Amino acid sequence: MQIFDVIPIHTKNNLSWSQHLSQAITSLPELVEHLGLPKSLAQQGAEAHQSFKLLVPRPYLSRIEYGNPNDPLLLQVLPSLSEMQKVVGYTKDPLEEADHNPQKAIVHKYKRRLLVITTGTCAVNCRYCFRRHFPYGENQLAQAEWESVIDYLKAHPDVNEVILSGGDPLMMKDSLLADKLHKLEALPQIKRLRIHSRLPVVIPDRVCDDMLTWITASRLDIVMVWHINHANEVDANLAQAADKLKKRASPCLTKGYY
């Protein structure tokens with residue numbers, strides 16, 4: 001058995017999730033230097049970085065093994081030359097969402113289920129992202145345009161489940177999320193709300209009191225879907241956040257996206 005030295009990257013205590021986000025690493029050379037990796041990795045990933053910018057919050061960075069270029073968490077966020085290779089049979093729209101995008105911010109693939117693109121931003125840019133080529137610019141809703149989603153739902157009374165996705169819906173302020181939730185609750189047809197997010201996985205402090213307040217006050221059956229790819233992502237901080245959410249809101253935590 002080969003044993004590696006792990007040098008933890010400490011983050012400042014008592015930071016809010018938004019403060020952690022503001023301190024995320026966006027420089028490829030900085031990421032490589034911070035983790036003690038060969039400088040050649042920065043050169044090899046430069047083209048992919050220009051195509052899809054690097055973004056790694058420090059709470060996630062602290063779970064990556066120092067000096068290990070094959071760390072499974074690192075490979076999810078490190079720009080690579082292989083991303084630029086064209087592969088026969090690959091497509092920029094693997095879920096065929098463009099064919100089910102009837103109006104701005106809505107993906108409607110199933111009769112009783114509707115997905116809403118709440119934002120085009122995430123807390124971490126995963127290199128495998130299947131929506132990295134999604135036309136977010138054409139699907140970005142201003143606050144005043146949220147009524148168009150409500151109108152669409154009224155015109156489709158069979159829809160009883162709404163999914164908030166993105167990007168990452170938890171990138172929005174809790175006050176804005178609460179407002180959207182209230183509008184959905186006003187529609188008797190809506191029974192369930194699913195929130196697809198990776199943010200609590202990369203920044204566990206996203207599970208804050210403000211978020212728990214609007215979740216626990218809702219009449220809807222709220223299912224929180226966390227995108228977890230590897231066991232190394234589940235550290236003590238993430239487990240604590242999950243436990244906090246479970247005790248207050250009793251959501252379903254699972255892996256996957258719509």
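Start by selecting the buried residues of helix 8 together with what they pack against: strand 1 (106-110), strand 2 (113-117), strand 3 (161-165) and helix 9 (174-185). Keep in mind that you're looking at a predicted model.

Which residues of helix 8 (146-155) are the buried ones? Pick out Trp 146, Val 149, Ile 150, Tyr 152 and Leu 153.

Next, go to the loop between strand 3 and helix 9 and click on Gly 167. The peptide bond joining Gly 166 and Gly 167 is cis, with omega at about 20 degrees. Most residues other than glycine have a negative phi, and most peptide bonds are trans.

Glu 96 isn't a glycine, yet has a positive phi of about 55 degrees. Ala 105 also isn't a glycine, and its phi is positive too, near 75 degrees. Are they buried or exposed? Glu 96 is partly exposed, with a relative accessible area of 48%, while Ala 105 is buried at 0%.

Now select Arg 63, in the loop between helix 5 (58-61) and helix 6 (74-77). Arg 63 has a relative accessible area of 10%, so it counts as buried. Show what is around it: beyond its neighbours within four places in sequence, its contacts include Asp 71, Val 201, Asn 232, Glu 233 and Asp 235. For a sense of distance, draw a line from Arg 63 to Glu 97: they are 34 residues apart in sequence and 33 Å apart in space, C-alpha to C-alpha.

Time for the largest pocket, which has a volume of about 900 Å³. To find its centre, select Ser 82, Glu 83, Met 84, Gln 85 and Arg 132, the nearest of its 26 lining residues. The lining divides into 13 nonpolar, 8 polar and 5 charged residues.

Last stop: colour by pLDDT. The chain's mean is 89, and 91% of its residues reach 70 or more. Over residues 1-11, though, the pLDDT is below 50, and over residues 253-258 it stays under 50.

Conventions
Residues numbered from 1 in each chain as written. Predicted model: local features only at pLDDT ≥ 70, side-chain atom pairs only at ≥ 80, totals over all residues. Heavy atoms only, no water. Buried < 20%, exposed > 50% of the residue type's maximum accessible area, 1.4 Å probe, protein only. Helix = DSSP H or I, 4+ residues; strand = E, 2+ residues; numbered from the N terminus. Contact = heavy atoms within 4.5 Å. pLDDT = per-residue confidence, 0-100. 1 Å grid on protein atoms, 1.4 Å probe; cavity = no way out; pocket = protein on both sides within 12 Å on 5 of 7 lines; lining within 4 Å. Points joined across faces, edges and corners; volume = space filled by probe spheres on them. Nonpolar A, V, L, I, M, F, W, Y, C, P; charged D, E, K, R; others polar.
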